[in-house]
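Please read them alongside the coordinates.

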Amino acid sequence: SVPTALGPFCSLHSEKLKLFCLEDKQPVCLVCRDSQQHDNHKFRPISEVEELNTALKSLQEKLQHNETMKGEFEKTVQHIKSQAEHTEHQIKQQFEKLHQFLRDEEEATITALREEEEQKKQMMKEKLEEMNRHISALSHTIKDMEEMMRASDVSLIHVPRYLGNLPFRVWKKMQDIVQNTPVILDPNTAHRDLALSDDLTSVRNCRNKQPPPDNPERFDYYHCVLGSESFNSGTHCWDVEVKQSKYWRLGVTTASNQRKGCDCFNADVWSVYQYGRSLRSGFRVEQYLEYVRVNLDYDRGTVSFSDPVNHTHLHTFTATFTHTLFPFFYCSSSLRILAINSQ
């Protein structure tokens with residue numbers, strides 16, 4: 001029978017297993033090698049086989065890792081493609097709104113011009129008919145007719161009304177249909193369960209059917225998202241509607257703060273929160289709020305929070321800022337950043 005290994009010794013000859021039979025693919029001792037059963041077989045030192053197995057296992061692990069990475073890369077490429085297509089669609093929609101506004105303004109301006117033209121032409125027609133009546137009646141002298149024309153003179157088209165500062169006047173009107181939001185959310189930082197609005201000003205907590213890739217910028221434990229613009233100086237202010245969210249947290253955090261795992265609240269976060277457990281660098285708001293205003297004065301080192309509805313101060317953090325800061329949001333349901341003209 002073929003010798004089998006029970007530990008490091010041959011079960012037939014009690015000799016140490018030092019060789020590996022390449023034909024039978026099992027370890028053998030020196031006595032087995034010289035036996036008739038292994039005539040013309042090839043052998044290798046068992047240490048070489050063990051090293052080969054170790055190398056093979058390592059290679060298999062690397063191949064598996066590479067396959068996993070390849071899958072992640074392919075998923076990321078597909079996500080980038082979807083991002084680009086969706087963004088292009090939104091760009092076209094936004095510009096179409098502006099184009100439609102300009103078309104409507106153009107049509108309204110030309111319509112007003114034509115209405116004035118028709119009005120002037122009708123007035124001139126009426127005056128000519130009146131003159132013809134007087135001429136037919138021969139009841140007035142030429143001097144009387146000239147005075148009558150001067151008294152009933154019809155003004156020309158008021159051209160400046162239509163062309164004067166036309167681009168500026170249209171631009172002023174356009175301000176009524178566009179909004180400026182002081183903080184825009186960065187979808188590349190949003191937890192995979194958070195969905196952002198197309199204009200990137202609101203966020204809601206849901207389970208995405210097609211979750212985004214787990215890129216380095218993305219939070220993977222807490223349902224957090226950052227603003228897209230960083231601050232290194234100056235004063236900044238934004239209002240957030242929180243009335244739809246039972247649990248929320250707002251403030252600022254450093255660009256270098258940990259986004260993976262559950263340590264992001266341990267340091268470098270200046271925030272207020274509602275209905276959550278107390279965490280470092282946080283201040284709990286006891287009263288129910290619908291809106292929260294965040295005021296950052298980077299140079300003075302303060303982050304202040306208030307209720308913009310009744311102008312009640314909530315809390316102020318004081319620090320010495322030396323790192324880049326980002327607006328910070330935690331959302332259990334939904335949050336919305338208000339536009340400046342709606343604050």
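1. I begin with one end of a salt bridge. Glu-241 has a relative accessibility of 12% and therefore counts as buried, the cut-off being under 20%. Its partner is Lys-243, with the closest N and O atoms 4.0 Å apart. Lys-243 is partly exposed, at 31% relative accessibility. A network of salt bridges links Glu-241 and Lys-243 with Arg-336.

2. The model is predicted. Its average pLDDT is 84, and 88% of the residues score at least 70. Residues 1-6 have a pLDDT below 50, although this stretch makes 20 contacts in the model beyond near neighbours in sequence. Where pLDDT is low, the predicted coordinates should not be read in detail.

3. The structure holds 11 salt bridges. One of them joins Glu-116 and Arg-161, whose closest N and O atoms are 3.1 Å apart. This pair links distant parts of the chain: Glu-116 belongs to helix H2 (residues 46-137) and Arg-161 to helix H4 (residues 160-163), 45 residues apart. Glu-116 is buried, with a relative accessible area of 6%, whereas Arg-161 is partly exposed at 47%.

4. Arg-300 and Asp-297 also meet through their side chains in a salt bridge, at 3.9 Å from N to O. Here Arg-300 is exposed, with 70% relative accessibility, while Asp-297 is buried at 16%.

5. The largest nonpolar core has 31 residues, and Trp-248, Leu-250, Val-303, Phe-329 and Leu-335 have the most contacts inside it. Strands that each supply at least two residues of this core include S9 (235-241), S10 (248-254), S14 (302-307) and S17 (334-337). Leaving out residues up to four places away in sequence, Leu-250 touches, among others, Val-240, Trp-270, Val-292, Phe-305, Phe-329 and Leu-335. Another core, of 9 residues, lies apart from the largest one; Tyr-222, Cys-224, Leu-226 and Phe-326 are among its members.

6. Which residues does Asp-193 contact, leaving aside neighbours within four places in sequence? They are Arg-204, Asn-205, Cys-206, Arg-207, Asn-208 and His-223. Asp-193 sits in the loop between helix H5 (166-174) and strand S6 (194-196). With a relative accessible area of 13%, Asp-193 is buried.

7. On annotation, an unreviewed UniProt entry lists residues 9-46 as "domain: B box-type". In the model, the chain over residues 9-46 is 16% helix and 29% strand, with its end C-alpha atoms 12 Å apart.

Key: Residues numbered from 1 in each chain as written. Predicted model: local features only at pLDDT ≥ 70, side-chain atom pairs only at ≥ 80, totals over all residues. Heavy atoms only, no water. pLDDT = per-residue confidence, 0-100. Contact = heavy atoms within 4.5 Å. Helix = DSSP H or I, 4+ residues; strand = E, 2+ residues; numbered from the N terminus. Buried < 20%, exposed > 50% of the residue type's maximum accessible area, 1.4 Å probe, protein only. Core = buried A, V, L, I, M, F, W, Y, C linked by side-chain atoms within 4.5 Å. UniProt positions renumbered as here; feature names shortened; annotations may be inferred.
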